[in-house]
Amino acid sequence: EIILSIETSCDETAVALIKNGTEILANVVASQIESHKRFGGVVPEIASRHHVEQMTVVTEEALQQAGLTMDDVTAVAVTEGPGLVGALLIGVNAAKALAFAHGLPLVPVHHIAGHIYANRLITEMKFPLLALVVSGGHTELVLMKEHGSFEVIGETRDDAAGEAYDKVARTLNLPYPGGPHIDKLAQNGEPVLKLPRAWLEPDSYDFSFSGLKSAVINTVHNAAQRGETIRPEDLAASFQASVVEVLVEKTARAAREYDVKQVLLAGGVAANQGLRKALAERFSDLPQELVVPPLYLCTDNAAMIGAAGSVAYQKGKRADWALNGVPGLDLEAQ
Ligand code: ATP
Ligand code: MG
Ligand code: FE
């Protein structure tokens, strides 16, 4: 079984070829970061236009890297949502065209299911499992009792973790996307500043990052008004310590309560060195196996869509030619 998978939900045009749901034959990602940088964030109209330009090139490149033709492909999988509607539509229409032209089944994939299934490209998934999803638009704890079943037991009530990283980075005048820059600064800083931790209700697995984000911005402004300077490294380290402590503790508590076999890390913020280190330390003496994907599978890519798409294909999930991009697609309804 060979899945050709397409991802265009945000600002990466990506195509992959995945064998039997686990083996990467090709994984091509064309990033648009350079085009969005000067605007400090993703401009939807520009994203769509880049996807149109890149879609065919990236698809041909992926087939060439894998040494395959469309005749070798079993099914076409594509991100249906969530994401920017205009961006999603480019991938969805490319997938429809390829599937139609070559008489192949079309398999719709949820982008966050993709982030979670990135882990299946490095290890076997063992159920029940808990996924900590931390990305640009999502921060969720997802319980999976079997393949293709997703129960969101906690989610952010305001900003996503990645969003908070990017907003704090902007306050420090760092380029977009700010997450990796904060991560790097934090490695050379000390968490000396007192910043809040949003634990919420004692039994809640929800998250909140907007209060922390505001606290960072206020700290910077107050210091500026007093003519004091804060080392950006220390600010980054303090912010990151607050984010990471809450993420790790809630994940560990949920892993115990739901008695899961595995804990999977997923999403762009999974690339964060501080988070990876803290999770590894916390789970080193816990019974759950911790799985952390390599960096190239954390941020958006199509390999993860192929991994999730393979499972959906095996389960008989199909889309017809009316498939559309769905910006607010529900994970639990998958
Ligand atoms: P979603 O997956 O929720 O739809 P998205 O696809 O835009 O959102 P991803 O590509 O999964 O998001 O992740 C991008 C986010 O990850 C950005 O907010 C970016 O700043 C953040 N990020 C990437 N690397 C790091 C890092 N090392 N530390 C912290 N944040 C990071
Ligand atoms: Mg992106
Ligand atoms: Fe993503």
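I started at I3, whose bridge partner in β4 is A75. β1 (residues 2–7) and β4 (residues 75–81) run parallel, joined by four bridges. I take helices (H or I, at least four residues) and strands (E, at least two) as DSSP runs numbered from the N terminus, and strands as paired if DSSP finds at least two bridges between them.

Housekeeping: this is a predicted model, where local features need pLDDT of at least 70 and side-chain atom pairs count only at pLDDT 80 or more, while totals for chains, interfaces and linings use all residues. Residues are numbered from 1 along each chain as its sequence is written, and chains are lettered from A and ligands numbered from 1 in the order in which they are written.

**Sheet with β1**

I read the strand order as β3-β2-β1-β4-β5, an open sheet of five strands with mixed pairing. β3 (23–31) and β5 (106–110) are at the edges with a single partner strand each, so one side of each has no neighbour in the sheet. I get an average twist of 20° from one strand to the next; axes are lines fitted to C-alpha atoms, for helices over the stretch in contact, with angles from 0 to 180 degrees between N-to-C directions.

Next I checked what packs on this sheet. Helix α3 (residues 85–102) touches β1, β4 and β5, its direction making about 160° with that of β4. Contact here means C-beta atoms, placed from the backbone, within 7 Å. Helix α10 (residues 303–314) touches β1, β2 (12–19), β3, β4 and β5, at about 125° to β1.

**α2 against α3**

The axes of α2 (residues 44–66) and α3 come within 8 Å and cross at roughly 20°. That makes the two helices roughly parallel, a label for angles under 35 degrees. On the α2 side I noted P44, A47, S48, H51, V52 and M55; on the α3 side, G86, A87, I90, G91 and A94.

**The other sheet**

I found another open sheet of five strands with mixed pairing, in the order β8-β7-β6-β9-β10. β8 (151–155) and β10 (289–291) are its edge strands, each pairing on one side only. β6 (residues 129–134) and β7 (residues 139–144) pair in the antiparallel sense over six bridges, and V133 stands opposite E140 in β7. Helix α8 (residues 232–257) lies across β6, β7, β8 and β9 (262–266), running at about 160° to β6.

**Ligand 1**

Which residues come nearest to ligand 1? Of the 25 around it, they are G136, G137, G162, G179 and G268; a residue is near if its C-beta atom, placed from the backbone, lies within 6 Å. α4 (111–117), α5 (161–171) and α6 (179–186) are the elements giving two or more residues to the shell.

Definitions and conventions: Contact = placed C-beta atoms within 7 Å. Parallel < 35°, antiparallel > 145°, perpendicular 65-115°, else oblique.
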